[in-house]
Number of protein chains: 2
Amino acid sequence: MKRVSLKDIARIAGVSPSTVSFVLNGKAKQMRISETLASKIMEVAKKEGYHPNPVAVSLRTGKSQILGLIVETISGNFFASLSRIIEEEAARFGYKIVYTSTENKLQKGKELIGMLSQRQVDGYIITPTPGMEQDIKELIADNKPVVLMDSYFPGIDVPHVLVNNYEGVKRGMAHIIEKGYRRIGFVTVDLNLVQMEERLKAYFDTMHSEGLSTDNLVLSIKYEEDKELGIQQVTDYIKNTPELEAVFFATNYLGLLGLESIHRLGLKLPDDLAMICFDDHDVFRLYPPGITCIRQPAEEIAKTALELLMDQLGKGNGSLGETKIEISPGLVVRGTTEFVQKVNK
Amino acid sequence: MKRVSLKDIARIAGVSPSTVSFVLNGKAKQMRISETLASKIMEVAKKEGYHPNPVAVSLRTGKSQILGLIVETISGNFFASLSRIIEEEAARFGYKIVYTSTENKLQKGKELIGMLSQRQVDGYIITPTPGMEQDIKELIADNKPVVLMDSYFPGIDVPHVLVNNYEGVKRGMAHIIEKGYRRIGFVTVDLNLVQMEERLKAYFDTMHSEGLSTDNLVLSIKYEEDKELGIQQVTDYIKNTPELEAVFFATNYLGLLGLESIHRLGLKLPDDLAMICFDDHDVFRLYPPGITCIRQPAEEIAKTALELLMDQLGKGNGSLGETKIEISPGLVVRGTTEFVQKVNK
DNA sequence: TGTAATTGCTATATCGATATAGTATTTATT
DNA sequence: AATAAATACTATATCGATATAGCAATTACA
């Protein structure tokens, strides 16, 4: 029950601790320990059930075999999937994950970085929030391996993976325009994030290149803790925008607010209003008639992020070449952008 | 940029490391360090931005100020909420959380316990899965603080918090019976968990005490990775159960399968079939007409679990008295158990 | 045969903290 | 005045590993 230390193994095997350390770390040859002795030591270690104390190893080597993962929030399907896959992939390289969330609080994000670096994590996968630039710069300056996920800072040279936001919205817009919608609104949030800017830009570009006006069609809601306030803003927007035919919600959180609003206004999807949303959600799949969305390939993003990190840690195969990666999203067509349907089913 | 150690502070302040340690650990009085010197040391430490290296502290003291949290899966609203609250509460006591999930794999759960104990976590909050009895017994035998959450092992004496499953189903059953439903089915899963047994028992007890038959009304679906297989089982069950009026789903995961099935069968909620579910879900709130459910008070469960753990760690106020706690769930009435409604809105 | 090189291992400083046992100085006691 | 006790600290072993420098003993070489 009580733990056996390396010293114990050394004593039992009748050798010095250094010898045990060399053997168990695969440096037997390099340190010219005889085969006989090496295998004897391995045997003793196995029989005694020896496992090195990671805390001691960490103190001595400065490496912890732990990666820090900072996401926006644990709740939320997208981040939950990301986390699960990252955990799995990391395990294949012998790394554990310490999972933390900022809950969109800048201060908490900063604290987390500090906490993780104190804990000597070997690398970071971070979903950055505005204001974290400085902290991330410091990590980089400190030579810490960092990968940003889902967003990035245009000014700073840090490896990152994210979905191609511009392309995603372009694709979604192409879809609804092809379906015949013209008065298309766009609901975004006033967080100063590149991905939001990209999405909005794609909306404007598409509308304008189609010769469509965007006047009074864009709502940027104030980011609020309180969901009710968000719903109110969206409801007012839908009510007060004449002849609105379709709405593009820039995030799934906004889409959920939208659903609530539409539900409360007694509007029928898609007859009264069509909708499409960036990012999928359980609800979108199940809520009749199904909400059309742009799907972020969580698995690919997660795996790529880990690969980028492993490359920095010298454990990757460097197969990616690039360190700034944008992944193409998919379009999932469901009922909210179909004029017809509703006949079968 | 490079870290300052306790020794650095000692050197700068012109004292010995021990003195610095005493002062910074609040043992100045006890060790009769003069006020003057103490405040000087504190000043130096602050100016130099000293933060103790948690890894070294952990090695020396055997304490890590980290708690291990093992839940079933990161995805899943209930566990996500639990985790968030636990993280918050733990922070108030100066503890960090290492968050891991078993994904319902026994083997992974066992490995996680081993991993966490190697990492010297100071305590465990575990959502136990069948087969983990032995590992948990060992933790207890090893004097490790443990709290089980959401389930427990009847045979083993370990502090635990969970919702009162029996009461929850009783309450839900009372509700639908009062609404006039009589042919009520029950869908559960063939995992050997106490909470499932309790829920099923409450169903049987209620039905029988009301003089209602339960013949062929219970479906225990095989736990499968593949969602599609689950949906198939539920679909078959609904289709082949004559005159089914209402279904009680024992978990929200089952409820989601049920929704899919009902949707595919083209049934209308609640006209063709009423439903109620144990445990809430985003989808249940948003999916029209809203799914009636038994809500587990996540916040209370999380806080209680942490309190139980803190009591064991000697940091709690022991205000709970009991160490085996069942919390009353709430009934959330929505559209799927209302014959009428659908008029307003 | 004497020196150099190689083999096969060990001694020990170190990572950064904690805590016990000890030491020098001052104050109290008889 | 001599001893005891209290004050205000310090020296150092320790947690459990790693890794550098070193040290016998053997083999190679000239």
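Colleague: Which residue forms a salt bridge with A:Asp280?

Modeller: This is a predicted model, in which local features need pLDDT of at least 70 and side-chain atom pairs count only at pLDDT 80 or more, while totals for chains, interfaces and linings use all residues. Residues are numbered from 1 along each chain as its sequence is written, chains are lettered from A in the order in which they are written, and side-chain values use heavy atoms, with hydrogens and water left out. A salt bridge here is a side-chain nitrogen of Lys or Arg within 4 Å of a carboxyl oxygen of Asp or Glu. With the closest N and O atoms 3.1 Å apart, the partner of A:Asp280 is A:Arg295.

Colleague: How many residues apart are A:Asp280 and A:Arg295, which lie in distant parts of the chain?

Modeller: Helices (H or I, at least four residues) and strands (E, at least two) are DSSP runs, numbered from the N terminus. A:Asp280 lies in the loop between β9 (274–278) and α12 (282–286) of chain A, whereas A:Arg295 belongs to strand β10 (residues 292–295), and the separation is 15 residues.

Colleague: Is A:Asp280 buried or exposed?

Modeller: Buried means under 20% relative accessible area and exposed over 50%, with partly exposed in between (1.4 Å probe, protein chains only). A:Arg295, at 41%, is partly exposed. A:Asp280 has a relative accessible area of 14%, so this residue is buried.

Colleague: What is the N to O distance in the salt bridge of B:Lys179 and B:Glu338?

Modeller: B:Lys179 is in the loop between α8 (165–178) and β6 (184–189) of chain B, and B:Glu338 is in the segment after β12 (330–332), 159 residues apart. B:Lys179 is partly exposed at 27% relative accessibility, whereas B:Glu338 is buried at 17%. Their side chains meet with an N to O distance of 3.2 Å.

Colleague: How many salt bridges does a search of the whole structure find?

Modeller: Side chains of opposite charge can pair when their charged atoms come close. One network of salt bridges links A:Glu228, A:Glu260, A:Arg264, B:Asp282 and B:Arg285. Over all chains, the number found is 33.
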